[in-house]
Every structure is written in C-alpha cells, then in structure tokens.
Amino acid sequence: MSMINKHIPHKLLKSLVHRAQRTTFNAATATATATDNTNNGDKISKLEDTKSLFSSIPTGKLLHSAAILTVTAVEPVVDLSLQVMSSRLMEAGLFRHAMLGLIKHTAYSHFVAGGDTVETGRTVRRLWDSGLRGMLDYGLEHADDNESCDNATQQLIKTAESAQSLPTSSVTFVVVKVTAICPVHLLKRMSDLLRWEYKNPSFKLPWKLQILPILSENSPFYHTIQEPANLTAEEEHDLELAHQRLQTICEKSFEGNVPVVIDAEDTSIQPAIDYMTYWASVKHNEAQRPMIYGTIQAYLKDAGERMCLTKRAADKMGLPVGFKLVRGAYMSSERKLARSLGVESPIHNTINETHDCFNGCATFMLDEVSNRAGGLILATHNLDSGKLVAQKAREYGITKDSEKLEFASLYGMADAMTFGLKNAGFNVSKYLPFGPVDQIMPYLLRRAEENKGLLSSSNLDRQLMMKELKRRTKACFGQGLTEIENQLIKQEANSMTN
C-alpha cells in the first residue's frame, strides 16, 4: 500500500502555521490572560494555597520529596553522582550493590513508580485516591536483538494486562518505546530509507505500508548522505516481527479500553518510530477516538509543520489522531551531532522559540479537537504553558468529560502544577516509569541532570513544599517551632549525601 500523499497545498500549511503563531506563539500575552482569569474557579493560578494543593500528600512523603528535590538542586552533588554512576566503580559487585541500594531508597523511590506491575499498581491506586491518573511506562529503553525485543514485549503485555485489574479510568495510557520492541539498528536503516524516499520520490520501498506523513521540507536529512540499500529479506522479516509485537501490545491494551502512546527518540531514528506509530494509527484509531497517540517534540524546528501535515492527511482519511506534545529530551546530543557535521541544528535556536512552538502546537490541536474527534496529551512541567492551555481549553469548551485533553507530568516532578490543574477541574496523569533499579538507571540519570540547579523546573515544587511543611509544623506545634521542618529536611538531605 502506498503512503498517503505528503503534498498538502503550501498555502493551507502556511495558513495553519500562521494561525498558530498569531493565536499563541505570543506566550507572554496569553499567559497573562490565563493568570488573570478567575472564571470557573480556575485554581491553577492559586498555588499559594499549599494546604489545598498538597492535601492528599502525607507529611512523611512530602518531607521525603522536599529533601530529594533539595539534594538534586545541588549541582556539585549531582555532577559527582553522575560521574560515579558512569565510572568503572560500578563494575565492582559490592560497590554496585551498595550504590543501587542507596539509589533505591532515595532518587528511585521518588521518581520511579515501582519495581514491577504490582508495586506500580499500588502507586496508581494512591494517585487515583488523590484525584490523579497514571500512564504506565515499562522502563526498558533499548533492545538490540529479536530475543530482547520479545522479552520486552512480554513485559509490555503484562503492563497492559495489569491496567485491567486497576480502577476503571485510573490508567489513561500504556506507554510504548519502539526501541524496546524493534532493534535499534533496524530503526536506523528504516529511517535512512524513509528520508531518502522523501527527497527522491522515484525511490521505492517495497516493505512500506499505509501511513501518515512523517517528514517535511524542514526535517533534518543530514543523517542520510548517500542512497541506502533497501532492506534485506532478513530485515524485512525483523520488521514484520516488530509489527506483530506492536500489534499484540495494542490489542492487549485495548482489551482494557486503554489507549497506547508511543514515545519519541532522537532524529536519527524518529522517522522509523513515526512510521510504526502512524501504521498503528491507520490500523486501530476509531471513528470518534484515537487509540494510538504519537509524540511531537516541540524543540525541533519542523515540529509544527509535521503536526499540521499529519493532521490534515488524517482528516482527509476521516481518521482521528492523537498527539503527546513534549519539548524534547535530546537537545545536547542533537546539537553536538549537527555541529560535528557542520550542518544547521534541528533544535530551535533559543528556549523562547521552543516555548513558542510548544504553545502554538498546543493551541492548534485544541482548536482542531474542539469540534471534531482527536486528542492531545500536554506533557509539560512549564507552568506558563499549563496556564495557557488551561485557559484555551476553557475558551474552546473542552471539558474534562470529553477526554480530549490530558495534562501529564513525570512522577516526582511538577507536583504543584499537577495538583493545581487537578483542582482546576482538568484530567491530569503522572508518567509512571517502573522496573528494576539497574534497568531504570538511564531514566534516573536524565532526571538528575534535569533537576540540578536552583533554576530547574522543580524549584517551584521545592518552595511550595517547604511552605506547606512549615504550615503543618505551625499547626501541630505552634509558632515557636517553625524551624523544625528545615532541620528535618537538612538532616534527611545530609543523610543522602553522606
């Protein structure tokens, strides 16, 4: 089957992008509007009410979270930890065992939902009791061969099955990483071929099935500098196995009426991941509800254009589509590679350009789904974007019951915004990575890097948690012991670094 025609009229695309820019790329103005808005009890801007904000969090958990976030804000401590975890010391059995034990009771317990589906299920129930939901994310990131992919698939099937034993609607998505069910070297080969085909339409890919557009004129093509050989018979067989794995996972998840969201990776393999995503979308998305969600990384210069192309092609097919919108996680490596090749970086030049793209894509999708089928997962820790989209959702009349908008944030991060959005009446999920400590280490290292520094995204959480701990201390012991919480936090933080 041939690919859906990628040529959308230029004027239409330009109009779509311009509309997104006009309506929301001026994030400062829109955010000011959202902040000033007091209609419908919009509580996301009332974060100073920490009693209400953290009412569902026990003091012990709040104390532990504040201590973890305090430690991970100290850059020298994080830098040293990263060096140790990447050093040959971790090859020594006794040292490795001690370090993994320390991590399990500190960063792991804060940022990871559990070691298996049973422990993660308990976390989901706790979140559900506090008015939140969960996205189940089995923590294996990369598989190198078919045997590893088969093992990962079995774990993802168990993940989907576990959702069926949890309260209805408490699990919003099962997260799938294509790199765990398809060998990475095959994804690289497929991506090279898809890029070459886009630039050379006469180049045919006999293995290619019906999908939606995955590239645009502004996509990075420097990964593929010469014509690649087509897939061998063995590689085509491996691709068919990957299709079967994804199909099986989707079917198991759909048994519990739980959609699947497919994560994004770096640009060297993202075309192949989008290929798998949109193949599954064409196959499974229903007339009124997308069951497969892809991921758009707004820090990429081609993000808005690709979103528009994909959405318009899906509309022509009468196919609802869903997107998870993120900023992106591979900025340093993407820029480093582009610099080494002497080509333009695929990443926006400034953080404000990324913010503008994120907010523009979000408003574009809200406008699209306000009067037709589709869905948006807004995955962000940025309070301004959260306020902006909350305001826009109200303007478009997108209600909680419509299931068209889900706010999402990583477990252990952006809790203030999470509860603020929940209190304002929106659907909010926590991204729940789970798995054994050693397997989840790549994820934890990224969280440590992301949180270090006082200007990190968790700064607001630290401040508000400290405020609430002081309030609870006063309530319990009176005005004379207001420093107890500070001392306790310092003691727990010190115990983690000694």
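The legends below accompany close-up views of a predicted model.

**Figure 1. Overview of the predicted chain and its secondary structure.** The chain has 498 residues, of which buried residues make up 56%, and its secondary structure comes to 20 helices and eight strands. When contacts between residues at least 6 apart in sequence are considered, 80% of them join residues at least 24 apart.

**Figure 2. Helix H8 and the elements that cover its buried residues.** Helix H8 spans residues 117–129, and its 13 residues reach 18 Å from the first C-alpha to the last, which is close to the 18 Å expected at 1.5 Å a residue. The buried residues of this helix are Thr120, Gly121, Thr123, Val124 and Leu127. Because these residues cover an arc of only 160° around the axis, they lie on the same side of H8. The face of H8 turned away from that buried side carries Val118 and Asp129, both of which are exposed. Among the elements that cover the buried residues of H8 are strand E1 (133–138), strand E2 (171–176) and strand E8 (428–434).

**Figure 3. The packing of helix H9 against helix H11.** Two packed helices are described by the angle between their axes and by the distance between those axes. For helix H9 (residues 146–163) and helix H11 (residues 233–255), the angle is about 10° and the axes are 8 Å apart. Since angles under 35 degrees count as roughly parallel, H9 and H11 are therefore roughly parallel to each other. On the H9 side, the contact is made by Asn146, Cys149, Asp150, Thr153, Leu156, Ile157, Ala160 and Glu161, while H11 contributes Asp238, Leu241, Arg245, Thr248, Ile249, Lys252 and Ser253. Taken by residue class, the contact of H9 with H11 divides into six nonpolar, four polar and five charged residues.

Figure 4. Leaving aside the neighbours within four places in sequence, the residues in contact with Leu186 are Leu231, Glu235, Asp238 and Leu239. One of these, Asp238, also takes part in the contact that H11 makes with H9. Leu186 and Asp144 are 42 residues apart along the chain, and their C-alpha atoms are separated by 9.4 Å.

Note on methods: Residues numbered from 1 in each chain as written. Predicted model: local features only at pLDDT ≥ 70, side-chain atom pairs only at ≥ 80, totals over all residues. Heavy atoms only, no water. Contact = heavy atoms within 4.5 Å. Axes fitted to C-alpha atoms, helices over the stretch in contact; angles between N-to-C directions. Helix = DSSP H or I, 4+ residues; strand = E, 2+ residues; numbered from the N terminus. Parallel < 35°, antiparallel > 145°, perpendicular 65-115°, else oblique. Nonpolar A, V, L, I, M, F, W, Y, C, P; charged D, E, K, R; others polar. Expected span 1.5 Å × (residues − 1). Buried < 20%, exposed > 50% of the residue type's maximum accessible area, 1.4 Å probe, protein only. Arc of directions from axis to C-beta.
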